[in-house]
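Have the structure open and follow along.

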Amino acid sequence: MKISELWLREWVDVPATTKEIAERLVMAGLELEIEPAVAEQPDHVVVGRIEKIGPHPQADKLRVCEVDVGRERLQIVCGAANARAGMVAPTARVGAKLPGGIEIKAARLRGVDSAGMLCSAKELGLADKSEGLLELDETAAPGTPLAEYLHLKDRVLALEITPNRGDCLSVQGLAREIAALYDRPLKKPAVAPAAVAATESVKVEIEKLEDCPNYAGRVVAGIDPQARTPDWMREKLRRSGVRCIHPVVDVTNYAMLELGQPMHAFDLANLAGAVRVRRAAKGEKLTLLNQQLVELNAGELLIADDRGPLALAGVMGGANSEVSERTTAVFLESACFAPAAVAGTGRRHKLHSDAIYRFERGVDPAIQREGLERATQLILDICGGKAGPVTHAGRAQPPAATVNLRHERLNALLGHAIGADEVERLLPRLGIGVQRAGQGAWTATVPSHRYDISIEPDLIEEVARLYGYDRIPAKPYAAELVPATQREGERSAARVKDFLAARGYQEAVTYSFVEPKLQERLAPGAPSIRLDNPIADTMSAMRTTLWAGLIPAWLYNAQRQQRRVRLFELGACYEDRPGGIVETMRLGGLVAGEALPEQWGGAARPADFFDVKGDLEALVGAKLSCRKAEHPALHPGRSAEVRIGDSAVGWLGALHPSLVRALDLPAAPLLCELDWAAVRAAGVPRAQPVSEFPSSRRDLALVLREEVEAGAVLAVARRAAGAHLREVRLFDVYRGAGLPNGCKSIALGLIFQDYSRTLTDEEVDASVQSVASRLTDELGASIRI
C-alpha cells in the first residue's frame, strides 16, 4: 500500500521528518520504504491555458496554440490530438528541464516559431504511458508552477502490511497509528449525513449474516455524466498506485484509501429488483469488470439482483452493472464481508483487487455508514446529483470484545518493568479502553477495527510497541534446557539422515504442495487434498507421495549438469480419507546416474535396483525383504514391495517407462518410499557371545524355475535348516547352457554353528538335507550336479 505523506499529515500533524516517522513506524512493526512523489521534479513547468488554437500552415498533424502562462502568452506548436481552446495543461517554458534529461529550447517547427512545449503526463514522469496532453482543472491559475499546483514536493510511504494489521490499510488507519506513537490528536475530515433529496432506493437482502454482517447502500441520482475528477483527488490516487477511471469510481477508491472501507458503485439503470448477498450456485457465470468470464463455484459469495449475479462479493464488480460515461444514477455499496466468506475466491479465479486484499484481512464492521456518507459527500461535490435514503441490512453491532491484562504477566513476558500508570496512558492512545479489575489487573475494551487483539499477549505486544522496543534493554536470561529422551528401541531422524548422508545421499526438503497432474500419475486414485488458494497452479495439491517433490528436484539438478544424483527426504504425506485427513511421515529416496562417483578403481556402471535395496538393507537390517509386486508408477519388471518382517512398509523400483516419456525425463530414476514408523522401529539391540567353537559351511547349487524369487528360497532355507543355522548366503546366480529352458541356478552358502559344542558332520548334513527336501517340496528345486 502506498500513501502520500501530505495526505497523511492532513489527518495527523507530528513534529517529525519523513525519515523519523518511517523509523518510528518500522520500530512499531510496520515495514515501509520512502519514495518520491515523482522521480524528477519538473523545472520551469507552469500551468498554461490554451486561449487560441489554429492549424499549422505546413503540417496537417500540428497546430499552433496561443498559451496563457500568467504574465505573458506564448506561441507553441503542438501535435496532441486532445489540444483545444480553453484547455488547461502543463506548459514547459524555454529552459525547462523535464525527466529523462529533456531540455526545452526555442525552436522553429516547419516554419513556425515555438516557445515551449505543452506536456503529457508521461513527459512529466507522472505516468508510464499517456495519450495526449495532461488536462488540469479549469480553475488552475495560469503561471502557477506545476510542482506547487500539484504539490509534487511530496513523499510516498510504501508499506508492506502484515496480514494481522488490516486496520492500517488506509490513511485513517496509518494516521491512527502515528497519532498513537506520537501521542497527537487525530484530525478526521468532517462528514455530515447527506440530505435526502431523492426518493429512489434499492432493497438490500442478506442470505446469511455470518457472511455479511453489515451492508449499507444508497442511490445517488442526477449525477453529471460530464463531470471530471479534480486534480487533487487524481494526484492522491496516483501516488497510491490507483488509476483514474470515472469520477464515481474514483470516489469509491478514494474513500477506500482514506477510511479503509472498500466500496462499489452499480449503474442503477442496470439493476433489477432487490440487491442480495448470497452464495453462488454451481455453474453460475459472471463477466467481471476486467472482461473475464468466470464460472462460479458452489458456495462462493456474490452480489445478485433479480436477474442474476452482479459482482463477486468483496473481489470485483460485474461488467453488466459497471458505471460508464452514460451513467446518471448509481447505487453505492458499503459492506462488511467476513474474511472467511471471501478468502480464496480471488485466488481461485486468479483475481487481485484492493478490495479483496482488505476484506481477507478484516474490515472494520462499524464504518460502513461512515464510508457511505463520505462517498456520497464527494460525489455530490464533484458530480452533483441528489442522495436517496440509506438502505441497510445486517445485524446490530456486537458488544466490544474485552481482554484481561495482568501487570505481573506483562512485565514477566517483556522482561522489563513498565509502570501501571504508563500502561494506562499508552493503551488508550490506540482507542483501547482500560478499566481496573483489581490489584495489578485491567479489563481492556478492544475497538472494532483491531481484529488482531484477542488474547493477553496481544495487549502486551501493543504496550511494548508504544513504549518502544528500543527502550527495553537487552539482557541475558537463564533457561533450563532438558535434552530430549531417545527410546532405545527407535532410530532417531538425525541418525537415519546421518546414515544416508554417509552413503552418498543428500537430503532434500521439498514443498508439501505439489503439481496435481504429476501426483495423479505417480499415485493414481490416491485421495489427495486440493488447495482453495494455492501459491500457483503447480502447487495446488497436498502431496500423497514424496516422489512428487523428489522427481522435480532431480530434474532441476539434471538440467544443471548434475549427472549423479542421490536424494532422500523425510516428510509428511497427506490423504483425505473417509475418517478425516490422515498425515503420514515417510522416508523417500531417488537415485539416478552412476552407481559410484567417477574413479579409477572400477568400470563405470549405472545404479540399479540392487544398489538401492542394499542401502535400505544396511539401514534397516536383515528384517527387510523385497517381494515382487507392481506399482502403477514403477517399471513392472523392476519394482518390489518392501517388507519389514511380515508387514508391507513401502515400495522400491525404477520409474515406469511411460512416465519417463510423458514427463520428458532424461532417464528412469530409481525410487523408494517407506513408512517412517516402520523404519524408526529398530528394536532393542541384544548382545550375543562369539562362539568358541568352529563353524561348518555347506554349499548347495539349486535349479529352479525362472519365476521363483530368491527371497522365497532364502526364507524356506531359514525355516528348514534348524536352530544351528547362523547365516545363509546367496553367492551365485547362473543362467545359460546346461540348464533346462525357463530355469536358473542359484548357489546358497549355509553356515552352521553352536555356542556350546562343535557340530558333527552328521548333524550338519541332516540340516542340509532338510533344506534340500523342503526346497524341492515347496519350490520345485532340484540339486544341480
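Start with Arg49: in this predicted model, Arg49 sits opposite Val88 of strand E6.

Zooming out for a moment, the protein has 21 helices and 39 strands. Its C-alpha atoms fill a box of roughly 125 × 85 × 55 Å along the principal axes. The radius of gyration comes out at 39 Å, while a compact globule of 785 residues would have one near 28 Å.

Two packed helices are described by the angle between their axes and the distance between the axes. Here are both pairs:

| Helix pair | Angle between axes | Axis distance |
|---|---|---|
| H6 (residues 247–259) and H10 (residues 368–383) | about 140 degrees | 9 Å |
| H5 (residues 231–239) and H6 | roughly 55 degrees | within 10 Å |

Take H6 and H10, which pack at about 140 degrees. Because of that angle, H6 counts as oblique to H10. The crossing of H6 past H10 is right-handed. On the H6 side, the contact is made by Pro247, Val248, Val251, Tyr254, Ala255, Glu258 and Leu259. H10 answers with Glu370, Gly371, Arg374, Ala375, Leu378, Ile379, Ile382 and Cys383. Sorted by class, the contact of H6 with H10 has 11 nonpolar, one polar and three charged residues.

Now for H5 and H6, whose axes cross at roughly 55 degrees. That angle is why H5 is oblique to H6 too. The H5 and H6 crossing is left-handed. Trp232, Met233, Lys236 and Leu237 of H5 meet Asp250, Val251, Asn253, Tyr254 and Leu257 of H6. By class, the contact of H5 with H6 has six nonpolar, one polar and two charged residues. Look at Val251 and Tyr254 while you're there: they touch H10, and they also meet H5.

On to a sheet with helices packed on it. The strand order is E23-E25-E24, an open sheet of three strands with antiparallel pairing. Strand E23 (402–406) and strand E24 (433–436) each have a single partner strand, so one side of each is left without a neighbour in the sheet. From one strand to the next, the twist averages 30 degrees. E24 pairs with strand E25 (residues 441–445) over four bridges in the antiparallel sense, and the bridge partner of Arg436 in E25 is Trp442.

Which strands does helix H11 touch as it packs on the sheet? H11 (residues 407–414) touches E23 and E25, and its direction makes about 70 degrees with that of E23. Helix H13 (residues 456–467) packs on the sheet as well, touching E23 and E25, with its direction at about 70 degrees to that of E23.

Last stop: another open sheet of three strands, in the order E27-E29-E28, with antiparallel pairing. The edge strands are E27 (513–514) and E28 (529–530), each pairing on one side only. E27 and strand E29 (residues 541–542) run antiparallel and are joined by two bridges. Within that pairing, Val514 stands opposite Ala541 of E29.

Notes: Residues are numbered from 1 along each chain as its sequence is written. This is a predicted model: local features need pLDDT of at least 70, side-chain atom pairs count only at pLDDT 80 or more; totals for chains, interfaces and linings use all residues. Side-chain values use heavy atoms; hydrogens and water are left out. Two strands pair if DSSP finds at least two bridges between them. Axes are lines fitted to C-alpha atoms, for helices over the stretch in contact, and angles run from 0 to 180 degrees between N-to-C directions. Angles under 35 degrees count as roughly parallel, over 145 as roughly antiparallel, 65 to 115 as roughly perpendicular and the rest as oblique. A crossing is left-handed if the near helix is turned anticlockwise from the far one by less than a right angle, and right-handed if clockwise. Contact means heavy atoms within 4.5 Å. Ala, Val, Leu, Ile, Met, Phe, Trp, Tyr, Cys and Pro count as nonpolar, Asp, Glu, Lys and Arg as charged, and the others, Gly among them, as polar. The radius of gyration is taken over C-alpha atoms; the globule rule is 2.2 Å times the number of residues to the power 0.38.
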